[in-house]
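Me: Could you walk me through this structure with a few questions and answers?
Reply: Happy to, let's have a look together.

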Amino acid sequence: MATNEEIQEHLGEREYEAGFVTDIESETLPPGLSEDVIRHISAIKQEPEWMLDWRLEAYRHWLTMEEPTWAAVDYAPTDYQSISYYSAPKSKDDGPESLDEVDPELLKTYEKLGIPLREQEFLAGVTNVAVDAVFDSVSVATTFKSKLTEAGVIFCPISEAIIEYPELVKQYLGSVVPPKDNFFAALNCAVFTDGSFVYIPKGVRCPMELSTYFRINALNTGQFERTLIIADEGAYVSYLEGCTAPMRDENQLHAAVVELVILADAEVKYATVQNWYPGDENGVGGIYNFVTKRADCRGNRAKVSWTQVETGSAITWKYPSCILQGDDSAGKFFSVAVTTNCQQADTGTKMIHLGKNTKSTIISKGISAGRAQQSYRGLVRMGKNAEHARNYTQCDSLLLGDKCGAHTFPYVEVKNPTATLEHEATTSKIGDDQLFYCQQRGLSEEGAVNMIVNGFCKDVFDELPMEFAVEANRLMEISLEGSVG
Amino acid sequence: MNLVEERRQEALSLFEKVGLPNKRDENWKYTDASRLADLLEIDGSNTAINIEGLGMVDLDAYRMVFINGAFDAAQSSLPDEVNIVSLATLQSSVSDDDSQALAKLFQVSGDEPLFNGLMALNAATASDGAAVCLADNSVLNKPLYILHVSNQNNVIRHGLMLGEHAQAQVIEHFISTAENKALSNCVTALILKNGASLEHSRLQQEGKQQSHIARVEVKQCRDSSYTFHGVELGASLSRTDLVVNLSEQGASCALNGLFVLDGRQHVDHHTRVDHTAPHCTSHENYRTVLDGRSHAVFNGKVVVHEGASKTDSVQSNGNLLLSKHAEIDTKPELEIYNDDVKCAHGATVGQLDDKQLFYLRSRGVSEEAAQELLTFAFADEVLAKMSNTTVRRYIEKAAFAKLPHSEGIEGLLGE
């Protein structure tokens with residue numbers, strides 16, 4: 001079975017010959033967490049002293065914190081001492097030699113997603129595939145890389161950035177999600193091993209969707225990843241993490257932190273497609289995905305949008321948030337979350353309006369099937385000085401099956417009389433009349449449900465980069481397979 | 001010791017165990033109950049209050065008057081044929097063997113929805129209340145008006161039971177005659193049997209220093225219908241927990257709330273509706289108008305349990321902020337464990353519509369008057385569902401008086 005590290009390895013080797021490869025060759029740490037482990041991780045990464053201090057401080061604070069229990073999810077307590085916090089990727093010789101050895105279930109899924117054969121081999125981690133052969137990845141990637149450099153965009157693993165661009169990292173790392181922010185963020189600060197770093201200089205429009213680039217590299221995987229994106233004044237970037245293809249990953253706990261810093265007139269679009277292993281139909285196994293994502297619109301007229309399609313993971317705990325500090329800044333959140341079988345998701349967003357004329361939009365679509373439980377938990381806060389702030393929230397839930405649950409917990413706090421806020425939420429199942437209408441016109445029941453579900457999610461899919469929107473549609477169909485009728 | 005006393009003892013030990021709610025409790029996140037601690041200590045002497053001219057004097061109704069938490073039979077007028085007595089009277093007349101039913105009224109468990117220490121304290125220390133039991137198929141021909149007048153701490157516990165297909169209208173009114181600090185702690189427990197129908201209004205107009213803690217518990221049987229109007233005008237801190245259990249098929253409830261606040265008033269309503277049976281309906285409509293440094297909290301939770309198919313639930317919450325320092329925290333929650341439901345909720349926060357203001361101004365209405373009219377219209381929508389016009393007029397006038405610049409157009413209200 002392929003692990004993410006293997007994929008990283010395939011690409012990393014080619015892409016980051018200097019910084020990345022050395023990491024890969026280091027050893028695996030035994031399970032357990034202590035200051036020594038953190039020192040070790042820091043040493044493997046060849047990090048400067050200040051970074052180690054930062055990690056240790058976070059770790060010491062983490063020791064004083066309690067794991068939060070307020071989310072509407074239910075899982076056995078995690079033993080943080082049984083996790084290995086640094087593991088070198090497995091050697092690629094462990095991988096299957098050809099697609100014939102790959103789990104046929106996985107292949108079926110790839111096929112349905114319409115992933116080309118070559119790419120399938122790559123995703124499944126087949127050993128003898130030359131990386132070059134993977135849909136021209138290297139040539140494309142290299143072209144991209146030079147184009148980015150030309151524009152002045154920095155895009156590299158964060159471990160590399162810590163060494164190469166310490167000033168930028170020092171200035172911004174932890175400034176949006178402080179190390180003491182919450183239990184999982186503190187843990188991440190202490191033990192994160194990699195992630196991406198993006199810096200778009202003043203006035204630069206990133207010449208390509210980093211999503212496109214990213215898809216080829218798929219490097220944004222790892223157990224405790226840390227992403228930092230900085231859009232300087234007037235800059236623009238669109239970024240996509242994850243992949244529609246199911247990634248089999250042995251790490252049970254994922255606690256990522258993503259920080260976006262958006263200065264005046266800049267715009268960041270961040271899209272996520274998450275399809276990690278959700279466990280089997282009885283809820284055994286699966287990834288725990290506990291993520292802290294936050295964007296800080298520091299300058300006037302800064303804009304940010306979060307788009308997420310969440311179909312994987314046994315448990316998702318994730319609230320991409322926007323702090324709208326700058327006047328006229330705007331935040332958007334578009335989300336589709338699908339939970340089936342025994343999956344649980346507690347997800348939503350926070351919109352903190354601090355500046356004047358700040359705007360936010362929240363569109364959240366939840367689909368719950370089987371025995372899954374899903375919650376929307378959101379906060380819209382209009383501060384005292386948020387003159388003429390505006391929010392529109394719509395969160396709809398669709399229920400398929402009589403054993404699933406969908407819950408809504410929207411917090412609204414308004415301290416300014418000129419602020420305007422609208423919140424709407426509905427929960428329903430697919431109407432019998434809608435199904436009848438479609439079936440009467442010759443669609444199968446499943447086809448009709450798929451069409452209705454896709455229509456339900458359209459507002460969000462429209463926000464995704466085009467090629468992902470198509471895949472996201474197919475992904476929905478696959479996720480909901482068997483939950484109809 | 002009889003059963004009732006036993007229950008009250010249990011409630012007291014429960015309160016001693018859990019104490020006052022604190023901000024770590026998610027249900028008390030926005031309301032600081034710690035300031036109630038001092039009030040619990042106040043020990044007032046039972047002074048007589050002259051209630052002449054207080055309350056809704058022109059209302060044609062049966063009356064029950066409670067002065068500082070004690071039933072005042074002389075000022076009350078009750079029908080002979082219906083079973084309405086004061087709780088204290090009932091308690092003293094019931095034999096130990098028959099006390100089982102009454103004991104239920106004092107039973108408090110920590111597992112109840114929106115449980116907090118104050119409700120246990122109420123069961124333990126309630127001095128009196130109304131005990132109303134309507135026989136099957138009986139209709140109370142006049143509303144029952146329960147007037148509470150206080151100038152010190154009072155703890156009241158009402159129990160109402162409507163038999164099958166019984167109908168009634170109940171108005172609870174809270175006034176205080178002194179401007180001192182004191183705490184009212186009132187629980188109203190209602191049981192609606194099959195097909196029963198109750199319209200329940202609750203008007204809270206206590207003094208600006210008062211704290212008012214209330215809990216209304218409703219258990220609804222098959223095809224029963226419950227309408228609640230909660231109007232909050234007074235008190236410095238007021239908190240109401242409204243808990244409705246739609247436990248059998250076809251039950252329906254409508255919960256309406258109106259807060260008109262100014263100064264430093266803090267009002268918090270938590271509603272919880274449990275749909276445990278199929279084909280039940282719940283409609284909720286809350287409006288707040290906030291001026292000064294007032295702070296309103298609304299938390300509406302609807303839980304649709306497994307098996308509660310064909311649930312129809314709508315919740316809406318509108319908030320109008322008139323001042324820079326006012327604050328609203330609202331949280332309309334849905335918890336749904338069944339797929340065959342139709343649930344919606346909505347919340348808005350905003351200002352008066354510029355277009356509507358312009359329309360009125362272009363027709364010669366002054367700016368203040370136009371604002372006033374629109375504010376009033378916004379608030380009045382909730383009251384429009386009240387069936388008793390005398391009560392509605394009384395509330396409208398009281399609410400209107402709280403709005404700034406109300407002088408000019410009060411006449412529009414009529415008599």
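Predicted model: local features only at pLDDT ≥ 70, side-chain atom pairs only at ≥ 80, totals over all residues.

Me: Which residues of α4(A) meet A:Ala186, A:Leu187, A:Cys189 and A:Ala190 in α10(A)?
Reply: Contact here is judged by C-beta atoms, placed from the backbone, that lie within 7 Å. Helices (H or I, at least four residues) and strands (E, at least two) are DSSP runs numbered from the N terminus. On the α4(A) side, the residues that meet those four in α10(A) are A:Arg55, A:Ala58, A:Tyr59, A:His61 and A:Trp62.

Me: At what angle do α4(A) and α10(A) pack?
Reply: Axes are lines fitted to C-alpha atoms, for helices over the stretch in contact, and angles run from 0 to 180 degrees between N-to-C directions. The two axes of α4(A) and α10(A) are 7 Å apart, and the angle is about 145°.

Me: How many nonpolar residues does the contact of α4(A) with α10(A) have?
Reply: Ala, Val, Leu, Ile, Met, Phe, Trp, Tyr, Cys and Pro count as nonpolar, Asp, Glu, Lys and Arg as charged, and the others, Gly among them, as polar. The contact of α4(A) with α10(A) has one polar residue, one charged residue and, for nonpolar residues, seven.

Me: Why do the buried residues of α3(A) line one face of the helix?
Reply: A residue is buried if 20 or more other C-beta atoms, placed from the backbone, lie within 10 Å of its own, exposed if 12 or fewer, and partly exposed in between. In α3(A), residues 35-44, the buried ones are A:Ile38, A:Ile41 and A:Ser42. Taking directions from the helix axis to the C-beta atoms, these residues line one face because they fall within an arc of 95°.

Me: Which helices do those buried residues of α3(A) pack against?
Reply: The face turned away from the buried side of α3(A) carries the exposed A:Asp36 and A:Ala43. The buried residues of α3(A) pack against α4(A), 49-63, and α10(A), 183-191.

Me: Is A:His388 buried, partly exposed or exposed?
Reply: A:His388 is found in the loop between β16 (373-382) and β17 of chain A, and its phi is near 55°, a positive value. Most residues other than glycine have a negative phi. A:His388 has 17 C-beta neighbours inside 10 Å, so it counts as partly exposed.

Me: Which residue stands opposite A:Glu267 in β9(A)?
Reply: Eight of the eight residues of strand β7(A), 267-274, are buried. β7(A) pairs (at least two DSSP bridges are needed) with β9(A), residues 303-310, in the parallel sense over eight bridges. Opposite A:Glu267 stands A:Lys303.

Key
Residues numbered from 1 in each chain as written. Chains lettered and ligands numbered in written order. Contact = placed C-beta atoms within 7 Å.
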